[in-house]
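Dear colleague,

Please find the structure below. My notes on it follow.

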Amino acid sequence: MVVDTLYTGGSIRTFDPEYPWASALGVTGDRISYVGPVEEAPTARRTVELAGRLLTPGVADTHNHLLLGFDDLAVSLDQVTSLDTVRNRIAEFAETHPDLEWICAENALYSVVEGRRPNAGDLVGVTDRPVFITTYDQHSVWLNRPALAKLGILNGGDIAWGNPEIDDRTGEPTGWVTDFYTSAMTIDGLAELQRDIPMYSPDRRYRKITNSLDMAARFGITTVVEPQVPLAELDLFARAEREGRLTSRVIAAIYHPVGADGDFRARITEAIRDTPQHERFALGPVKLYADDVIEPHTAAMLEDYANRPGHRGYPSLEPTEFERLFVELDRLGYQVHTHATGDWGIRLTLDAIEAAQRANGRVDTRHGVVHVECLAPEDLPRFRDLGVVAAMQPRHASPDLVAGTWMENIGESRWDRAWRFRSMIDSGARVTFSSDWQVGEMDPLVGVYSAMTRAGLDGTQAWTSGERVGLDATLQAYTLGGAEAFHREGASGMLRPGYLADLVVWSGDLYDMEPAAILDQQADLTVVGGRPIHDAHGELDGAAAAANVQDPAGAGQTCSEPSSDHHCHDHG
């Protein structure tokens, strides 16, 4: 046997229980053709010397919002903690972009104004043009008064992409809009956004997808799950395929608004049937919301928020209606992944899955609960018992992100319910780790470090240390766990003969490092179907993936065309 490429000279972690480690791996065409000792390796047309580096299956980033990648005509407010800095950045951007009708900004923190939510008054005097700002989690929007007027809601009008907050004293909108993401992806919500907000034009959304895919290639990600694609934007992925921009494999989950009816479900079925699918693009999963998010007190909690007595948030749909919807989706054969962050939201989802199994019979559907941020102890074993996938994001548990708002809202007495990675894995449940880009950094090594330390990126403030996970289990959750979450463990997630040659060569052997050192590593070579999509050193005669936007694990942000008037993603 002669293979096309042979990898030798380093550590090869296969995650194949029959042969967990190897010293040589061969690839022929798009498949792995040899895994074993180097002494028995076949002849190869080309050899890649690992030189002590680690080779693993490619990362399956099972919750990566390609459609939310950075916009090159928006101000980045990532990690900005000062209202003065917000004002200055927006004012400078407005001054240097006089041609823009709207000034858009992204990734604002809820805590940028201490003790309350930001409002339109905080933006008075910055610019006389309308300002539209999304929060870092995409669940809320911050508007100035010209924006309220432009949108027709200054005097109490409605919008289809969110719920404007009303000041109880004046009866006027404050400039803060909640429930944005669940509303923005509806047919009416997206149509209004595309009509009114330039950041949501098809061309700018398409650039976000392609920039995000370039990043995925550089970070060793060979499969990406876009967790909620509006039906109206499926054609953007077809365009990426036509233009040769689908590098990693993409699974697109279709967003199902909780209030949508049977006609909408028929449209989903029609889209899955009529949309061309191939080795780089697939449809199938459906995305639901059980609740919202904890930071603005809109996630559904079993008990009151610690700092808002009498308030427990709310589910996205009345529980009986949510269960009825879930049972119907299960009956139709959809795999459903449900956003649930609060312990009540998680319980509602588990109850609905259990009801679906009673009504329709139990099959290996692998419905998922996404985020699982605050989990009641009695619900932990239900993930294993019901065959549910826990789709979790290690970076979300970092204290530099959740100290303050999240921790204070939940209260210290419930911190032991937070992001229970180790408990979930030890229980025997299926677990997949992911980035939730661009809520968190896309680089999976940031997630690896976060899962191992439960600390900030500077190594401080470690908390809930009992939920730390070792390197091997963490990497498995990013690789085999991701394949299993979407029924792909028979073709990917392991390095086994006959499997797809989706793999990554890391810049060093992660198993020989302390967690802090892992943050300094990178993917040297990302291979999908035997072909390099990122080749930092030209080892397979490929090229490094484009670096339109970089996300280097806390080391700061650079952009393809830096200038004084473009503020890039900056980890402070």
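**Cavities**

At least two lining residues of the second largest cavity come from each of strand 6 (59-61), strand 13 (221-229) and helix 16 (480-485). Strand 13 gives the largest share of that lining, 3 residues. Helices (H or I, at least four residues) and strands (E, at least two) are DSSP runs, numbered from the N terminus.

This is a predicted model, in which local features need pLDDT of at least 70, side-chain atom pairs count only at pLDDT 80 or more, and totals for chains, interfaces and linings use all residues. Residues are numbered from 1 along each chain as its sequence is written, and side-chain values use heavy atoms, with hydrogens and water left out.

The second largest cavity has a volume of about 130 Å³. It is lined by 19 residues, with A60, T223, A483, S492 and G493 closest to its centre. By class, this lining has 9 nonpolar, 8 polar and 2 charged residues. (Ala, Val, Leu, Ile, Met, Phe, Trp, Tyr, Cys and Pro count as nonpolar, Asp, Glu, Lys and Arg as charged, and the others, Gly among them, as polar.)

How many cavities of 30 Å³ or more does a search of the whole structure find? The search finds 5. A cavity is a set of points on a 1 Å grid over the protein atoms alone where a 1.4 Å probe fits but cannot get out, and lining residues have an atom within 4 Å of a point. A volume is the space filled by probe spheres set on the points, which are joined across faces, edges and corners.

The largest cavity holds about 230 Å³ of space. Its lining has 22 residues, and D137, E373, H396, D436 and V439 lie nearest the centre. Strand 15 (281-289) and helix 11 (399-402) are the elements that give two or more residues to this lining. The lining of the largest cavity divides into 9 nonpolar, 8 polar and 5 charged residues.

**A helix pair**

The axes of helix 5 (residues 202-218) and helix 6 (residues 234-242) come within 10 Å and cross at roughly 60°. The contact (heavy atoms within 4.5 Å) is made by P202, D203, R205, Y206 and I209 of helix 5 and L236, F237, R239 and A240 of helix 6. These contact residues divide into 6 nonpolar, no polar and 3 charged.

**Backbone**

The peptide bond from W437 to Q438 is cis, with omega near 5°. Q438 sits in the loop between strand 19 (430-433) and helix 14 (444-453). Q79 is not a glycine, yet has a positive phi of about 65°.

Regards

How values were computed. Axes fitted to C-alpha atoms, helices over the stretch in contact; angles between N-to-C directions. 1 Å grid on protein atoms, 1.4 Å probe; cavity = no way out; pocket = protein on both sides within 12 Å on 5 of 7 lines; lining within 4 Å.
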